[in-house]
Amino acid sequence: MKKLFLIALAAITMGLVACSGSNNGNNSASASNSGEAQNVEQATDGITFEGEHYTVTYPKDWKETFATGDVLNAKSADDAISLSINFDESGPSVDQLKETGANVKLLNQQDYKEIGDPQIDGNKLVVRRVTNEGEIDFSYLLVIEGTKGVMGSVKAPADKEADAEKALNSILASVKMK
């Protein structure tokens with residue numbers, strides 16, 4: 001029963017993430033999907049969003065497009081990269097990230113042109129997806145305490161993929177539970 005619940009939760013979560021924000025950008029083919037570890041700098045010189053359950057810092061030249069309670073949407077200064085981040089009180093535990101990633105990939109296959117293998121780094125799960133229009137969508141889950149954490153996505157046109165991935169890593173490094 002718990003496994004079925006997690007599968008349903010993953011489907012709903014990624015469905016909601018897919019619906020949040022979109023960029024009308026370049027329709028070029030996808031860039032490389034590198035699984036290499038990156039040197040992550042935490043966003044410290046930026047704007048801090050104070051949610052009800054967490055704080056997160058995003059680049060200072062970005063603008064907030066929507067914020068309420070524990071939900072934040074923001075875009076880069078050039079509107080090319082978008083961020084969606086939400087508090088997740090009953091998500092997977094760190095031990096469940098591998099199964100959650102596999103479920104996300106399986107449940108999203110028909111809706112995307114390409115889905116990369118789920119990347120797990122400690123308490124972080126990232127799935128790189130490419131929309132039918134060629135937009136890159138990094139969907140993520142970050143487990144902070146038990147089953148509490150944040151989830152969302154960073155989206156960008158293919159030519160901004162490296163910038164989007166760098167921003168995602170920096171933003172996720174700044175997340176703190178209250």
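Me: What do the helix and strand labels rest on, and where is Pro157 found?
Reply: Helices (H or I, at least four residues) and strands (E, at least two) are DSSP runs, numbered from the N terminus. Pro157 is found in the loop between strand S10 (148-156) and helix H3 (161-174). This is a predicted model, in which local features need pLDDT of at least 70 and side-chain atom pairs count only at pLDDT 80 or more, while totals for chains, interfaces and linings use all residues. Residues are numbered from 1 along each chain as its sequence is written, and side-chain values use heavy atoms, with hydrogens and water left out.

Me: Why is Pro157 called buried?
Reply: Buried means under 20% relative accessible area, exposed means over 50%, and partly exposed lies in between (1.4 Å probe, protein chains only). Pro157 has a relative accessible area of 7%, so Pro157 is buried. In sequence Pro157 and Ala80 are 77 residues apart, and their C-alpha atoms are 6.8 Å apart in space.

Me: What makes Glu50 and Lys178 a salt bridge?
Reply: A salt bridge needs a side-chain nitrogen of Lys or Arg within 4 Å of a carboxyl oxygen of Asp or Glu. The closest N and O atoms of Glu50 and Lys178 are 3.1 Å apart, and the pair forms a salt bridge. Glu50 lies in strand S1 (residues 46-50) and Lys178 in the segment after strand S11 (176-177), so the pair ties together parts that are 128 residues apart in sequence.

Me: Is Lys178 buried or exposed, and how do you know?
Reply: Its relative accessibility is 56%, so Lys178 counts as exposed.

Me: How do you know that Lys105 pairs with Asp117?
Reply: Their closest N and O atoms are 2.5 Å apart, and the two form a salt bridge. Lys105 sits in helix H2 (residues 97-108) and Asp117 in the loop between strand S6 (114-115) and strand S7 (119-121), 12 residues apart.

Me: What makes Arg128 and Glu114 a salt bridge, and where do they lie?
Reply: Their side chains meet at 2.9 Å, N to O, in a salt bridge. Arg128 is in strand S8 (residues 124-130) and Glu114 in strand S6, 14 residues apart. Salt bridges that share partners join Glu114, Arg128 and Glu161 into one network.

Me: How many salt bridges does the structure hold?
Reply: The structure holds seven.
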